[in-house]
Amino acid sequence: MERIINAEILIYLLKHNLIGQHQHGFIKWQSTCTNLIECLSDWSLNMQSKCFTDVLYFDFKKAFGSVSHDKLLLKVTLYGISGDLYQWIATFLRNRTQAVQVDNILSSFINVTSGVPQGSVLGPTLFLFL
């Protein structure tokens, strides 16, 4: 089910031009390699034209875990997703709990109010909404 929903969301986002043409992560036939090739091409053209080029690097190492569910669901609605699909996504994100275990001692469970589920098929696609 998650794969079907993920595929349909990606089709919707691409069909309505809601994903920029320079988005490389989490898009079929795009990757960090295609991103680097595009950047290298742009930088080479700028060098040939004697244009200055500034490059900024960001580390999004913990970005997946910091996404507020409420803010993400707001963005989902702003992108035009509503009804049953919205409810499915909301249920997918909400009512999750977590605990920590060290040796044989388990902490209390707490509600998880942020982050997209890592290891899921839909998680990276939901991250595109941000």
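W88 is found in helix α4, where helices are DSSP runs of H or I with at least four residues, strands are E runs of at least two, and both are numbered from the N terminus. Before going further, some ground rules: this is a predicted model, in which local features need pLDDT of at least 70, side-chain atom pairs count only at pLDDT 80 or more, and totals for chains, interfaces and linings use all residues. Residues are numbered from 1 along each chain as its sequence is written, and side-chain values use heavy atoms, with hydrogens and water left out.

Back to W88. At 25% relative accessibility, W88 counts as partly exposed, since that label covers the range between buried (under 20% relative accessible area) and exposed (over 50%), with a 1.4 Å probe and protein chains only. Setting aside neighbours within four places in sequence, W88 is in contact with M1, E2, I5 and L122; contact here means heavy atoms within 4.5 Å. As for T125, 37 residues from W88 along the chain, the two C-alpha atoms are separated by 14 Å.

The cut-offs are simple: rings of Phe, Tyr and Trp (its six-membered ring) pair if their centres lie within 6.5 Å, and planes under 30 degrees apart count as stacked, over 60 as edge-to-face and the rest as tilted. The structure holds two aromatic pairs. One of them is edge-to-face: Y79 and F129, at 5.1 Å centre to centre with 80 degrees between the planes. Y79 sits in the loop between α3 (69-78) and α4 (83-93), while F129 is in the segment after α5 (122-127), so this pair ties together parts that are 50 residues apart in sequence. F129 counts as buried, at 0% relative accessibility. The partner of W88 is F92: their ring centres are 5.4 Å apart and their planes at 10 degrees, so the pair is stacked. W88 and F92 both lie in helix α4, four residues apart, about one turn of the helix.

F92 is buried, with a relative accessible area of 12%. There's a charge to look at here too: the charged end of R96 sits over the ring of F92, 5.1 Å from its centre. For that label, NZ of Lys or CZ of Arg has to be within 6 Å of the ring centre and within 35 degrees of the ring normal.

N111, in strand β4 (residues 110-112), touches R96 and T97, not counting residues up to four places away in sequence. N111 is exposed, with a relative accessible area of 60%. From N111 to L74 it's 37 residues in sequence and 19 Å in space, C-alpha to C-alpha.

Now for salt bridges, meaning a side-chain nitrogen of Lys or Arg within 4 Å of a carboxyl oxygen of Asp or Glu. By this rule the count comes to one. The side chains involved are R94 and D70, at 3.4 Å from N to O. This pair links distant parts of the chain, with R94 in the loop between α4 and β1 (96-98) and D70 in helix α3, 24 residues apart. R94 counts as partly exposed at 35% relative accessibility, whereas D70 is exposed, with a relative accessible area of 54%.

Over at helix α1 (residues 2-15) you'll find N6. Is N6 buried or exposed? At 10% relative accessibility, N6 counts as buried. Leaving aside neighbours within four places in sequence, N6 is in contact with V121, L122 and T125.

Finally, zoom out. The protein chain has five helices and four strands, following the pattern α-α-α-α-β-β-β-β-α along the sequence. The radius of gyration is 19 Å, well over the 14 Å that the globule rule gives for 130 residues, so the protein chain is more spread out than a compact globule. That radius is taken over C-alpha atoms, and the globule rule is 2.2 Å times the number of residues to the power 0.38. Along the principal axes, the C-alpha atoms fill a box of roughly 60 × 40 × 25 Å. Buried residues make up 25% of the 130 residues. Among contacts with a separation of 6 or more, residues 24 or more positions apart account for 61%.
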